[in-house]
Structure formats: C-alpha cells, structure tokens
Amino acid sequence: MNILVINGPNINMLGQREPGHYGDISFYELEDLIRDEAAKQGIEVDFFQSNSEGAIVDCIQQAGSYDGIILNAGAYTHTSIAIRDALLSIKAKFIEVHLSNVFAREPFRHHSYLSDIAVGVIAGFREDSYLMALNYFANGVWQ
Ligand code: DQA
C-alpha cells in the first residue's frame, strides 16, 4: 500500500508557528513520525508540501495511483475550489486532517471545501491526526 501525505501552506512552519494550536514538533519531526508509523505498518509513504495552491493542484492531479492521500490543505481548506476539483478528478481517496480543532477556532475555519468529498475528517489531535488517518488506511476499512 502506498500513501501520499500532502501538506499545504505554512505547515512547513510547524514548531515555530502558533504552538498553542499546532504543538511544538517541527515539520521534519512530523514527517519522521509518519514515516516511522508507516514503516511499522508496512506502508510506503511519500510526502509533498507546498505553500502554493497551483502546486498542490498539480501534485493531486498526479496522485491518482496512490491507495490513499492524507491531506492537510492548511488555509486552502477553507478557500480552494481548485483543490476540491483536483481531488474530484482522481480515483484516490483522501482523508482531510488538521492539527488543530478547526471547529473550536474562528468561524471562517468551520467551513471546508473538502470535507464532504473526503473519506473522513480528523481534526484537533495535533500530529496524531495524521497517524490516525494512516492507521485507517492501513486497516483497509474504507474500501
Ligand atoms: C490547519 C487549520 C487551518 O485552519 C489553518 O489555516 C492551517 C492549519 C490545521 O492543521 O490545524 O494552516 O489546517
């Protein structure tokens, strides 16, 4: 099984950015945690991060052959019809993840252009949000 983890804008600033919302671990520590968990589960995992909406769209368009995508689109979650359309154009299923509990934050974070087309949404468990998504795909129950 191969899984692609896509992180959007400002997720590369983890560790320096609003630790009250996003925790203390760095972006590279986050990737290492996911990589270690994937290895334990025998899953191949690739990573992509960009601050640019178009680059994320390009990445999604080429990701159709993955068994699953774990996507934290950052602020684009709340704004991007282009990312939604790209996700609708490929076969691979995705789980929307957020480090913070977006529903406990500003009202503009309560709406997502992605949630209704996701397998599911995991928000508020910091880095564990990604590990939960990985485990969900590993168990194969979404198929
Ligand atoms: C986020 C939540 C978004 O609202 C925010 O814009 C982010 C990070 C999260 O992981 O909690 O950049 O996606």
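**Close-up views of annotated sites and a helix pair**

At 3% relative accessibility, asparagine 72 counts as buried (under 20% relative accessible area, with exposed over 50% and partly exposed in between; 1.4 Å probe, protein chains only). The model is predicted, so local features need pLDDT of at least 70 and side-chain atom pairs count only at pLDDT 80 or more, whereas totals for chains, interfaces and linings use all residues. Residues are numbered from 1 along each chain as its sequence is written, and side-chain values use heavy atoms, with hydrogens and water left out.

**View 1. Surroundings of asparagine 72.** Asparagine 72 belongs to strand S3 (residues 68–72); strands (E, at least two residues) and helices (H or I, at least four) are DSSP runs numbered from the N terminus. Its side chain reaches the backbone nitrogen of glycine 74 at 3.0 Å. Contacts of asparagine 72 beyond four places in sequence include Ile6, Asn7, His98 and Tyr130 (contact: heavy atoms within 4.5 Å).

**View 2. Positions annotated as "active site".** An unreviewed UniProt entry places this feature at Tyr22 and His98; such annotations may be inferred rather than shown by experiment. Tyrosine 22, in helix H1 (residues 19–22), is buried with a relative accessible area of 6%. Its side chain makes a polar contact with the side chain of arginine 17 (3.4 Å); a polar contact is a pair of N or O atoms within 3.5 Å, where within protein one must be able to donate a hydrogen and the other to accept it, and residues adjacent in sequence count only if both atoms are side-chain atoms. Histidine 98, in strand S4 (residues 93–98), is buried at 4%.

View 3. Serine 100 lies in the loop between S4 and strand S5 (120–123) and is buried at 5% relative accessibility. Leaving aside neighbours within four places in sequence, serine 100 contacts His21, Tyr22, Arg105, Ala123 and Gly124.

**View 4. Packing of helices H2 and H5.** Helix H2 (residues 27–41) and helix H5 (residues 128–139) pack at about 20 degrees, with axes 10 Å apart. The two helices are therefore roughly parallel (angles under 35 degrees).

Methods
Axes fitted to C-alpha atoms, helices over the stretch in contact; angles between N-to-C directions. Parallel < 35°, antiparallel > 145°, perpendicular 65-115°, else oblique.
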